[in-house]
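Good morning, colleagues. I would ask you to look at the sequence and the structure together while I speak.

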Amino acid sequence: IAKLKELGLKIKLDTNGSNPRMIKFLIDHNLVDYIAMDIKSGLSGYSKASGKLNPPLNYIKETIKILKSSEIEYEFRTTLVKELHNANDILEIGILLLDTDKIYLQRFVDHGTCLKEGLHEVDIETAKFYQKIHRFFHNKKHGEHKTPHVKTRFGRVASNYDLHAMAGGLPLPAITAPNIRLSSKRRREVC
């Protein structure tokens, strides 16, 4: 990586967050310009979503903390899979990523090359529902003085404020967040 940086190239790192010491080293030595970290699920669903019996949750939380406290540009992203995510998972992700600048939610697309069969993308109505929850959650937590730069790629996330109310069918309050939008440009396969 150092050789590439010497050539003047910009370096983007995609990570699952399982090696916080390496992430800190790369940031401290200015060896990366941008980091994108996959958040597989909320902490209680991480094992199922990651396919690991004992995922390194402490390392994942530490990597999130490192990124949030660094000066480097970063994003967090979750690929939504119908069989792996529900509103509670999305709520946990929202809490886990509180006070972050960039969060991307993208719908899973099966291109026939997954190691595990039977996974499906979330439908558009579910994606819109999660998006509303996500907007409300982050606007409420950040307050009016700080609106996060949150984009959803055909996605959604949940709120601890009105999740109960929504489950009871009560309407969400009006939400205005011009920097949050749906996009179908990027959908990822999770394998």
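Isoleucine 39 touches Tyr46, Ile64, Phe76, Arg77, Thr78, Ile93, Leu96 and Leu97, leaving aside residues up to four places away in sequence. Please bear in mind that this is a predicted model.

Which residues touch the most other members of the largest nonpolar core? They are Ile27, Ile39, Ile64, Leu67 and Phe76, and the core has 28 residues. At least two residues of this core come from each of the following elements: helix H2 (20-28), strand S2 (34-38), helix H4 (57-69), strand S3 (73-80), helix H5 (87-96), strand S4 (102-107) and helix H6 (124-142). Another core, of six residues, lies apart from it, and includes Ala49, Val81, Leu84 and Leu119. As general background, nonpolar side chains in soluble globular proteins tend to be buried together.

I turn now to H2 and H4. Their axes come within 9 Å and cross at roughly 15 degrees. Angles under 35 degrees count as roughly parallel, and H2 and H4 are therefore roughly parallel to each other. The crossing of H2 past H4 is right-handed. On the H2 side, the contact involves Pro20, Ile23, Lys24 and Ile27, and these meet Tyr59, Glu62, Thr63, Ile66 and Leu67 of H4.

Finally, I come to valine 122, in the loop between S4 and H6. Is valine 122 buried or exposed? Its relative accessibility is 2%, so valine 122 counts as buried. Between valine 122 and threonine 79 there are 43 residues of sequence separation, and their C-alpha atoms are 9.9 Å apart in space.

Terms used:
Residues numbered from 1 in each chain as written. Predicted model: local features only at pLDDT ≥ 70, side-chain atom pairs only at ≥ 80, totals over all residues. Heavy atoms only, no water. Core = buried A, V, L, I, M, F, W, Y, C linked by side-chain atoms within 4.5 Å. Buried < 20%, exposed > 50% of the residue type's maximum accessible area, 1.4 Å probe, protein only. Helix = DSSP H or I, 4+ residues; strand = E, 2+ residues; numbered from the N terminus. Contact = heavy atoms within 4.5 Å. Axes fitted to C-alpha atoms, helices over the stretch in contact; angles between N-to-C directions. Parallel < 35°, antiparallel > 145°, perpendicular 65-115°, else oblique. Left-handed = near helix turned anticlockwise from the far one by under 90°.
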